[in-house]
Amino acid sequence: MARDTLMDFERALELFEPVMGFEVHVELNTATKMFSAAPNPANSANHDAAPNTLIAPVDLGLPGSLPVVNEEAIRSSISLGLALGCSIAPTSRFARKNYFYPDLGKNYQISQYDEPIAFEGRVEVELADGTIVEVPIERAHMEEDAGKLTHVGGATGRIQGAEYSLVDYNRAGVPLVEIVTKPILGAEGRAPEIARAYVQAIRDIVLALGISEGRMERGNLRCDANVSLRRRTAPGEPPAPLGTRTETKNVNSTRSVERAVRYEIQRQAAILEAGGTITQETRHWHEDTGTTSAGRPKSDADDYRYFPEPDLLPVAPAPELIESLRAELPEPPVARRRRLKADWGFTDLEFQDVVNGGILAEVEATIAAGATPAAARKWWTGEITRIANAREREAGGLVSPVDVAALQALVDAGTLTDKLARQVLEGVIAGEGGPQEVVDARGLAVVSDDGALIAAIDEALAAQPDVLEKIRDGKVQAAGAVIGAVMKAMRGQADAARVRELILERAAAS
Amino acid sequence: MRHLGVLARIQLSDEEVEHLAGQLAVIVDNIAKVSEVATPDVPATSHPIPLSNVFRPDEVGRTLTHEQALQNAPDAADGRFRVTAILGEEQ
Amino acid sequence: MSDVIRLTAAELAAALAAGEVSSVEATRAHLDRIAAVEPEIHAFLHVHDGAVEAAGAIDRRRASGEVLPPLAGVPLAIKDVLVTTDMPSTSGSRILEGYLSPFDATVVARARAAGLVPLGKTNMDEFAMGSSTEHSAYGPTHNPWALDRIPGGSGGGSAAAVAAFEAPLALGSDTGGSIRQPAHVTGTVGVKPTYGAVSRYGAIALASSLDQVGPVTRTVLDAGLLHDVIGGHDHDDSTSLAEEWPSFADAAREGARGEVLRGLRVGVIRELPDSGFQAGVSASFRAALAAMEAQGAEIVEVSAPHFEYGVAAYYLILPAEASSNLAKFDSVRFGMRVTPHVGSTVEDVMAATRDAGFGDEVKRRIILGTYALSAGYYDAYYGSAQKVRTLIQRDFDAAFAGVDVIATPSAPTTAFRLGEKLDDPLQMYLNDVTTIPANLAGVPGISIPSGLAEEDGLPVGIQFLAPARQDARLYRVGAALEALLVDEWGGPLLDRAPALGGVR
């Protein structure tokens with residue numbers, strides 16, 4: 001496959017104005033599915049279910065089966081709509097979106113068409129430097145998820161060239177809320193950044209509401225990014241018409257959203273500048289190569305023949321219900337961040353590091369588990385993020401905030417040094433257990449017995465006899481060599497400060 | 001007609017296409033009759049008996065066992081339904 | 001005891017309760033009757049080999065002193081559109097040949113819980129699309145009154161089974177007349193309840209906003225007894241009505257006692273002139289009205305100006321909803337699978353399966369429905385048809401402001417010959433002109449025998465319609481007229497049906 005030509009990003013922005021739009025699908029974590037009473041795999045209680053074990057008749061489209069709406073999913077959807085600043089429709093209806101695909105139990109998806117439950121909202125999104133961007137929301141509607149396909153026999157495990165496919169319908173019927181933005185104009189060169197921040201904001205909202213597990217890598221939150229370019233016109237001239245957009249799917253992390261948007265801007269700019277046209281199509285993001293590739297062209301064959309779902313009745317939420325859900329809304333993310341930054345005493349930069357790392361919730365939870373804000377930040381933006389980046393995983397999934405707090409507590413108690421703690425952290429991440437368990441199993445605790453330290457010091461001094469002399473002469477830094485030797489002998493399981501103390505005591509004593 | 005066959009996933013033979021096209025044309029003409037009275041001021045009825053807000057509590061109810069789920073599967077492997085190669089892209 | 005099969009369900013239930021006959025005996029008698037007449041009738045697609053065992057269990061419970069529900073031990077035939085865990089459910093189609101549902105339809109579960117003994121699954125037009133049962137993939141059913149005639153459709157199997165004394169009770173479904181029209185052509189009773197009065201859970205969907213499940217019987221009381229068992233709210237069906245219903249058996253008994261007709265206002269629809277129907281049908285209809293008038297009923301002409309658009313609207317709504325409901329038959333999770341050649345894509349397999357598994361009428365309606373919903377056609381076709389529904393509901397509301405029930409002949413003609421209307425689908429669709437409005441509006445309807453047509457000696461039915469939720473009114477009025485007519489005839493109409501299988 002030929003590589004796409006990419007225009008330099010800055011140049012692309014000079015010639016074109018990027019316009020973005022996003023469709024984010026949120027999997028709700030209700031106990032049961034949207035239209036059936038089967039357990040919901042998007043709820044953490046059901047994560048490891050074997051294929052086709054979370055099934056009710058309607059999930060397979062068995063003849064005679066009928067959907068019944070999950071009341072909790074309605075409440076979650078309304079709450080989400082309110083948190084997005086939307087109006088809640090006095091009446092909304094379900095509609096059938098008809099198309100054939102093996103991951104659909106009925107060969108139609110029950111969704112909402114012209115009467116979504118929530119519409120006309122906006123989300124405040126904060127960027128790294130504190131700039132606030134308002135993203136306009138077109139609508140949020142309820143629908144059901146499809147099953148999962150596994151393609152077997154091809155080279156890539158993807159659909160092309162596969163010999164056959166296997167279908168697991170556990171996920172069929174999982175409640176989804178689809179959030180659709182209006183076209184986002186004026187993003188200019190910050191478009192990729194805004195894209196990432198927007199998806200992160202949605203994630204923060206659903207986590208704060210407690211209605212979704214919010215793990216992008218698990219598919220709890222899925223983002224389709226729409227990008228188009230329009231040529232800049234001279235000031236005073238009317239704007240050019242909006243360009244043809246592409247829709248990029250398979251964007252599995254907030255980082256990927258940013259990269260994918262940037263890539264599409266560069267790719268489309270190169271094509272347009274060379275005199276070509278953009279094909280309206282669905283593209284697939286490839287995390288490994290950092291590129292998009294063409295999928296199926298969007299065509300008239302996508303005639304979904306929407307009509308109102310006759311098996312379900314309209315949803316008309318009582319005003320009292322809406323108001324009670326509104327009263328229960330958590331703080332909006334921007335306000336919450338302002339408050340946390342102040343409470344924790346971080347500088348703007350320190351706070352942004354946390355936010356940009358997508359670990360605000362984790363830091364908060366670590367503090368709630370007993371760590372100081374500084375310690376929580378140190379671990380999450382430091383070592384944990386370093387490990388996450390090295391393994392190309394999200395930091396949040398690596399270790400629990402409770403474990404991080406416990407780890408720091410061991411350092412505070414003197415049981416571990418920072419260096420030892422990092423080893424323990426690796427053990428915890430590797431699944432060897434909680435911090436204390438790893439310490440015990442690996443024997444990593446700092447030796448607190450002075451006797452053992454003195455013995456090691458004696459040995460080290462024996463090898464470097466002139467050190468004590470130098471110290472007495474005022475060259476205190478000479479102790480460093482002995483400290484180093486002792487730490488090596490103790491395999492790092494010593495408090496270097498105490499070792500130094502003991503050496504100086506020895507020097508003073510003799 | 002062929003396009004409708006594709007949308008409806010029914011492989012129509014040439015004979016069927018011809019036969020159906022003829023019958024459909026007659027029916028469709030007759031059906032244009034409906035637009036005579038269906039004026040903009042008349043609301044559409046999609047449910048004969050007006051009801052709303054019919055829900056169920058978020059509790060696990062009657063579900064199928066794994067065996068029941070697969071009991072009518074024309075082909076299965078690894079606890080999953082098996083189908084031949086898929087042409088189209090995921091939605 | 002060959003008489004046992006001639007008993008009504010109510011009579012059989014009483015005999016069972018009194019210990020005069022056991023359920024096993026009654027079930028065996030019906031199975032024998034089935035064996036004797038099925039070569040001629042072909043009402044059943046499947047006869048239940050567990051029937052006698054189920055009957056035995058009822059007998060044992062009764063013998064142990066347990067107080068059983070009224071219909072316990074009475075055999076029941078079930079239209080193959082209703083799914084059952086212990087018998088295949090095909091909906092009259094090859095695409096579901098051998099399909100075994102992991103759950104029972106709610107009405108079936110309720111019937112079992114009431115002690116009814118499932119005898120088997122009855123024949124029907126494929127996916128309930130048709131008025132003659134000729135579109136069954138498994139061959140037609142024959143009318144017990146004349147074996148070369150249709151038994152009606154789509155529920156011809158259930159009606160024929162009951163008319164041929166193969167079962168005292170049957171379950172059917174009605175989307176545009178599929179219970180009422182077969183009742184009409186076989187001299188039996190059929191009821192389409194108010195939409196939502198009986199659960200659709202487990203009824204293989206045709207048109208979700210039109211389908212209803214209902215009783216198919218020989219008498220109005222039997223229909224009431226069966227309706228009492230199957231009706232009522234079901235949390236598995238979102239469209240099911242939540243109200244408490246009165247006993248329809250009680251309503252039938254009340255009707256039979258005699259005073260119901262005095263002062264009853266009966267509407268006759270100006271725009272459905274029975275003068276355009278078969279002469280014998282019209283004559284029987286008029287005679288029935290006269291009999292009611294003689295008892296003090298008042299016959300009033302009412303106007304329903306939009307009824308004439310009913311057939312057209314129905315044949316847009318039904319195919320549209322059906323095209324979506326039938327999409328699930330795609331070879332993936334259940335049912336037939338046809339692989340056209342090595343290396344076929346799943347799209348090929350789906351298309352080949354559906355072409356092979358669906359009959360012509362089903363394909364025709366799916367294609368038409370796909371068209372009606374297509375981009376650019378929704379407003380003109382499906383959308384407009386939904387407006388006609390509103391207009392028809394308004395017509396009913398206006399009419400019922402002045403009358404208690406509306407009466408029509410149940411269909412324009414008596415049973416036509418097998419094969420006669422197969423090549424003219426439009427002609428076939430006009431069979432439903434009197435029954436369709438009730439489905440569009442959601443109101444209940446009943447068909448009871450009104451007599452035999454003079455020119456061909458075949459049964460005619462009269463249909464009554466009532467406002468939504470007033471199903472009990474239909475049982476009262478139906479039972480009242482039935483009592484009058486049976487008295488006039490000196491016995492039920494079915495006594496005059498020809499002998500079958502050499503056994504009476």
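Student: Which helix holds both Arg364(C) and Glu361(C), and how many residues apart are they?

Tutor: This is a predicted model, and in it both residues belong to helix α12 (residues 360–373) of chain C. They sit three residues apart, about one turn of the helix.

Student: What makes Arg364(C) and Glu361(C) a salt bridge?

Tutor: The test asks for a side-chain nitrogen of Lys or Arg within 4 Å of a carboxyl oxygen of Asp or Glu. The closest N and O atoms of Arg364(C) and Glu361(C) are 2.4 Å apart, so the pair meets the cut-off.

Student: Why are Arg364(C) and Glu361(C) called buried?

Tutor: Buried means under 20% relative accessible area. Arg364(C) comes out at 5% and Glu361(C) at 4%, so both residues fall in that class.

Student: Which residues are joined into one network by salt bridges that share partners?

Tutor: Asp4(A), Glu264(A), Arg267(A), Glu281(A) and Arg283(A) are linked in this way. Over all chains, the structure holds 64 salt bridges.

Student: How do you know that Lys182(A) and Glu120(A) link distant parts of the chain?

Tutor: Let's begin with the pair itself: their side chains meet in a salt bridge of 2.9 Å, N to O. Lys182(A) is in the loop between β10 (175–181) and α3 (191–209) of chain A, while Glu120(A) is in strand β6 (residues 118–126) of chain A, 62 residues apart.

Student: What makes Asp404(C) and Arg265(C) a salt bridge, and which parts does the pair tie together?

Tutor: Their closest N and O atoms are 3.1 Å apart, which is within the 4 Å limit. Asp404(C) lies in the loop between α13 (379–400) and β9 (405–409) of chain C, and Arg265(C) in strand β7 (residues 265–269) of chain C, so parts 139 residues apart in sequence are tied together. With a relative accessible area of 17%, Asp404(C) is buried, whereas Arg265(C), at 29%, is partly exposed.

Student: Let's turn to a sheet. What makes β9 of chain A and β3 of chain B a pair?

Tutor: At least two bridges are needed between two strands. Strand β9 (residues 164–168) of chain A and strand β3 (residues 80–84) of chain B have four bridges, in the antiparallel sense, so they pair. Val167(A) stands opposite Phe81(B) in β3(B).

Student: What is the order of the four strands in the open sheet, and why do some stand at the edges?

Tutor: The order is β8(A)-β9(A)-β3(B)-β2(B), with antiparallel pairing. β8 (148–152) of chain A and β2 (76–77) of chain B each have a single partner strand, so one side of each is left without a neighbour in the sheet.

Student: How many salt bridges does the rule find across the interface of chain B and chain A?

Tutor: The rule finds zero salt bridges there. It does find 23 residue pairs in polar contact, both at pLDDT 80 or more. The largest share of the side of chain B that touches chain A comes from β3(B), with five residues. The area buried between chain B and chain A is about 4100 Å², with 59% from carbon and sulfur atoms.

Student: What is the count of salt bridges between chain B and chain C?

Tutor: The count is two. Arg62(B) forms a salt bridge with Asp236(C), with the closest N and O atoms 2.4 Å apart. There are also 17 residue pairs in polar contact between chain B and chain C.

Student: How much area is buried between chain B and chain C, and what do carbon and sulfur atoms give?

Tutor: About 5000 Å² is buried, and carbon and sulfur atoms give 66% of it. Arg9(B), Pro48(B) and Ile49(B) supply 12% of the area that chain B buries against chain C, more than any other three residues.

Student: Finally, which residues have the most contacts inside the largest nonpolar core?

Tutor: They are Leu82(C) and Phe127(C), in a core of 143 residues. Helix α10 (residues 310–325) of chain C gives the most to this core, 10 residues.

Note on methods. Residues are numbered from 1 along each chain as its sequence is written. Chains are lettered from A and ligands numbered from 1 in the order in which they are written. This is a predicted model: local features need pLDDT of at least 70, side-chain atom pairs count only at pLDDT 80 or more; totals for chains, interfaces and linings use all residues. Side-chain values use heavy atoms; hydrogens and water are left out. A nonpolar core is a set of buried Ala, Val, Leu, Ile, Met, Phe, Trp, Tyr and Cys residues joined through side-chain atoms within 4.5 Å. Buried means under 20% relative accessible area, exposed over 50%, partly exposed in between (1.4 Å probe, protein chains only). Helices (H or I, at least four residues) and strands (E, at least two) are DSSP runs, numbered from the N terminus. Buried area is the accessible area (1.4 Å probe) that two parts lose on being put together, summed over both. A polar contact is a pair of N or O atoms within 3.5 Å; within protein, one must be able to donate a hydrogen and the other to accept it, and residues adjacent in sequence count only if both atoms are side-chain atoms.
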